[in-house]
Amino acid sequence: MRVSKPTMTWRTIPLTKHRTWAYFLPYGLWLALFVIAPVALIIYQSFFDLGHQVTLNNYRTYFHSATYLKMTANSAWYAFLITLFTGLISYPTAYFIHQLKHRQFWLLLVILPTWINILLKAYAFIGIFSQAGLANQFLTFIGVGPQQILFTNASFIFVATYIQIPFMILPIYNALDDLNPAFINASRDLGASSWQTFRHVIFPLTLPGIKAGVQAVFIPSLSLFMLTRLIGGNKVITLGTAIEEHFLTTMNWGMGSTIGVVLIVAMIVVMLLTGDQKVKGGTPR
Amino acid sequence: MKRLISILIGLLTVCGLLGYAAHRLQASSGSTGPRVLNLYNWGDYLDPQLLTKFQRETGYHVNVETFDSNEAMYTKIKQGGTHYDLAIPSEYMVAKMKRAHLLKPLDHSRLTGLQNYDRQFLNQSFDRGNHYSLPYFWGTLGIIYNDRVIRPGTIRHWNDLWSTAYRDQIMLIDSARDIMGMALVSQGKSMNTTDPATLKAAERKLTRLAPNVKATVADEIKMYMIQNEAPLAVDWSGEAAEMLANNSHLHYVVPSEGSNLWIDNFVIPKTAQHDQAIYAFLNFMTRPENAAQNAEYVGYATPNRVAKTLLPRRVRDDQQFYPNTTTLRHLQVYRDLSPTQVQRYNDLYLEFKMHP
């Protein structure tokens with residue numbers, strides 16, 4: 001069905017050319033105003049120093065400063081960990097939800113937390129993780145005694161993972177949903193074990209979902225800044241923290257934009273690494 | 001499709017109604033009428049009862065909008081399109097706004113309460129002769145400790161924080177100027193220094209504090225300290241006042257060797273439109289009984305000398321918030337540094353924060 005789609009559109013274009021343009025107009029405007037213009041502005045700003053002189057110094061500073069390079073490495077490492085844990089939790093979850101009877105209901109429960117403001121969720125975790133919080137009450141109850149949970153790297157990764165999980169589950173779930181059950185039946189009929197079916201049929205066919213999830217989780221994780229302060233106590237410094245500081249405190253928009261450009265490039269790299277399967281034709285589309 | 005359209009129509013109707021309601025509400029509070037005053041203030045930084053009283057007395061309605069950082073306020077006023085009659089920036093921001101020609105000069109002949117002020121807070125370096133600004137509140141930077149963990153009297157100076165006994169026990173306010181300033185004062189240097197070597201030394205000293213730092217956070221410090229999450233914190237006096245009010249184990253110390261003295265001030269942005277209302281409000285707020293009532297509500301120290309005498313004895317004799325003259329003499333007001341200098345402070349501070 002999908003294969004025939006391009007030819008169909010090709011044939012319909014001449015007939016409704018004007019209407020197609022009319023349909024494209026809002027989207028085009030949106031793209032120009034809210035995607036292309038901001039990115040162009042960020043790139044433009046990144047070439048200015050504090051004295052509003054055109055310069056390449058911001059980039060020079062960035063790539064010659066041990067602080068920024070270390071911060072970049074830090075951010076990438078934490079984003080990787082968050083994505084990894086999110087993936088490890090999300091794939092089985094999506095898989096099981098897909099097997100359940102009332103999938104839509106369970107899926108709704110997964111999506112529900114995303115309706116709550118991230119700050120509220122962060123504050124809730126402060127309450128849970130603090131010295132007198134629920135987690136420590138439980139640890140005291142089982143005899144371990146109160147521990148320092150807030151402001152540790154583990155708690156930061158935990159909360160970030162919790163917040164990102166829905167964005168990983170959804171694409172994986174959709175990929176599972178798109179999976180034609182006939183493939184699984186065929187695999188079984190041909191004598192493959194459950195594991196072999198999963199390993200050679202289900203997993204490869206849902207890989208695009210995982211990749212979409214990685215894109216949705218890794219990039220925002222690179223620039224998390226509220227959580228690094230609220231949960232991580234600024235013990236973890238990411239590029240997001242630096243951008244916030246440059247824009248709000250130092251008012252060095254040039255340097256802030258430079259970091260923004262680096263993040264955009266990082267995003268493109270991640271997209272290239274995780275996307276692009278269609279061209280190679282690895283999936284049966 | 002039909003359902004989609006009906007949902008869309010429903011949504012549009014709701015949005016329209018809400019928009020209309022918002023418009024009506026705005027109209028009734030009247031942000032542009034002649035009998036109003038548009039005040040741009042920090043959050044919860046004025047006793048709301050005083051606003052009612054002011055309106056009853058003068059008939060001017062006060063619209064309050066709030067900001068949460070000097071920089072945010074600066075950006076908003078600079079970009080224009082606002083009609084604030086009064087704003088309340090901190091001292092270094094007054095200097096910056098003045099330089100950017102964002103302020104209208106104060107007409108001293110129309111001010112009736114100037115003689116109520118303590119001279120110490122007038123004629124400061126950021127606005128000589130108070131041509132543009134009138135002090136609103138002042139305060140300090142200091143150390144808050146919890147007497148359940150720290151014996152009273154053991155914390156007197158900044159250097160006490162570096163003791164190995166306080167491993168992982170200190171919370172710092174996330175502010176480059178204040179934390180760098182604290183390190184500078186602990187080394188006997190000026191909080192306004194621009195000497196790179198001195199600043200670098202301060203940063204090195206801060207990295208030695210890193211093992212003691214539990215977290216570098218912002219407003220949340222209040223909540224954490226009240227909940228006994230940490231026994232020590234470095235924060236501003238106004239924040240400390242709120243902590244102390246909610247947890248009787250907490251105490252505030254301003255190190256006698258010096259600290260920051262900050263002053264928040266009334267200024268009139270260029271875009272102001274209600275001259276009459278502005279001076280009516282300034283004169284109303286500088287009246288001792290009103291200034292005292294406001295100081296009791298907000299918890300910061302008032303620069304109004306006469307108002308201070310009206311405060312309850314336990315408040316005005318409280319050395320934590322009205323430090324003695326020796327300490328007061330050692331306090332330093334931040335000078336507005338050039339962007340490059342601010343950048344240096346921030347870069348070094350970021351390096352300290354990156355230190356594991």
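This is a predicted model: local features need pLDDT of at least 70, side-chain atom pairs count only at pLDDT 80 or more; totals for chains, interfaces and linings use all residues.
**Entry 1: Thr86(A) and its surroundings**

Setting aside neighbours within four places in sequence, I found Thr86(A) in contact with Thr161(A), Gln164(A), Ile165(A), Met168(A) and Val217(A). I then looked up where Thr86(A) sits, and the place is helix α4 of chain A. Is Thr86(A) buried or exposed? Its relative accessible area is 0%, so I noted Thr86(A) as buried.

**Entry 2: where the two chains meet**

Next I turned to the two chains together. I counted 28 residues of chain A in contact with 32 residues of chain B. On the chain A side, Phe151(A), Glu245(A) and Met251(A) lose the most area to chain B, and together they make up 20% of what that side buries. For the area buried between chain A and chain B I wrote down about 2500 Å², with carbon and sulfur atoms giving 57% of that.

I also listed the polar side of the interface. Between chain A and chain B there are 9 residue pairs in polar contact, both residues being at pLDDT 80 or more. Which elements of chain A give two or more residues to the side that touches chain B? They are α4 (66-99), α6 (118-129), α11 (226-230) and α12 (239-250) of chain A. The largest share of that side comes from α12(A), with 7 residues. By kind, the residues on the chain A side divide into 12 nonpolar, 12 polar and 4 charged.

**Entry 3: the salt bridge that crosses over**

Between chain A and chain B the count is 2 salt bridges. I looked at the one formed by Glu245(A) with Lys353(B), where the closest N and O atoms are 3.7 Å apart. This pair runs between chains, from Glu245(A) in helix α12 of chain A to Lys353(B) in helix α14 (residues 339-354) of chain B. Are these two partners buried or exposed? Both Glu245(A) and Lys353(B) are buried.

**Entry 4: salt bridges inside chain B**

Over all chains, the structure holds 15 salt bridges. I picked out a pair in chain B, Lys76(B) with Glu65(B), with the closest N and O atoms 3.4 Å apart. The two are 11 residues apart and link distant parts of the chain, Lys76(B) being in helix α3 (residues 70-79) and Glu65(B) in strand β2 (residues 61-67) of chain B. Lys76(B) has a relative accessible area of 35%, so I put Lys76(B) down as partly exposed. Glu65(B) is partly exposed too, at 38% relative accessibility.

Then I checked Lys222(B), which forms a salt bridge with Glu239(B), the closest N and O atoms being 3.6 Å apart. Lys222(B) is in helix α7 (residues 220-226) and Glu239(B) is in helix α8 (residues 237-246) of chain B, so the pair ties together parts 17 residues apart in sequence. Why do I call Lys222(B) buried? Its relative accessible area is 18%, and the cut-off for buried is under 20%. Glu239(B) is buried as well, with a relative accessible area of 10%.

One more item goes here: Glu245(A), Asp174(B) and Lys353(B) are joined into one network by salt bridges that share partners.

**Entry 5: two positive phi values**

I looked at backbone angles next. Most residues other than glycine have a negative phi. Asn123(B) has a positive value, with phi near 55 degrees. Where is Asn123(B) found? I located Asn123(B) in the loop between β4 (103-104) and β5 (133-146) of chain B. Its relative accessible area is 42%, so Asn123(B) goes down as partly exposed.

Asp168(B) also has a positive phi, near 60 degrees. I found Asp168(B) in the loop between β5 and β6 (170-173) of chain B. With a relative accessible area of 35%, Asp168(B) is partly exposed.

**Entry 6: the domains of chain B**

The assignment gives domain 1 (1-28), domain 2 (29-137 + 263-316) and domain 3 (139-261 + 324-354). How many Å separate the centres of domain 1 and domain 3 of chain B? Taken over C-alpha atoms, the separation is 50 Å.

Note on methods
Residues are numbered from 1 along each chain as its sequence is written. Chains are lettered from A and ligands numbered from 1 in the order in which they are written. Side-chain values use heavy atoms; hydrogens and water are left out. Contact means heavy atoms within 4.5 Å. Buried area is the accessible area (1.4 Å probe) that two parts lose on being put together, summed over both. A salt bridge is a side-chain nitrogen of Lys or Arg within 4 Å of a carboxyl oxygen of Asp or Glu. A polar contact is a pair of N or O atoms within 3.5 Å; within protein, one must be able to donate a hydrogen and the other to accept it, and residues adjacent in sequence count only if both atoms are side-chain atoms. Helices (H or I, at least four residues) and strands (E, at least two) are DSSP runs, numbered from the N terminus. Ala, Val, Leu, Ile, Met, Phe, Trp, Tyr, Cys and Pro count as nonpolar, Asp, Glu, Lys and Arg as charged, and the others, Gly among them, as polar. Domain bounds come from an automatic or database domain assignment. Buried means under 20% relative accessible area, exposed over 50%, partly exposed in between (1.4 Å probe, protein chains only).
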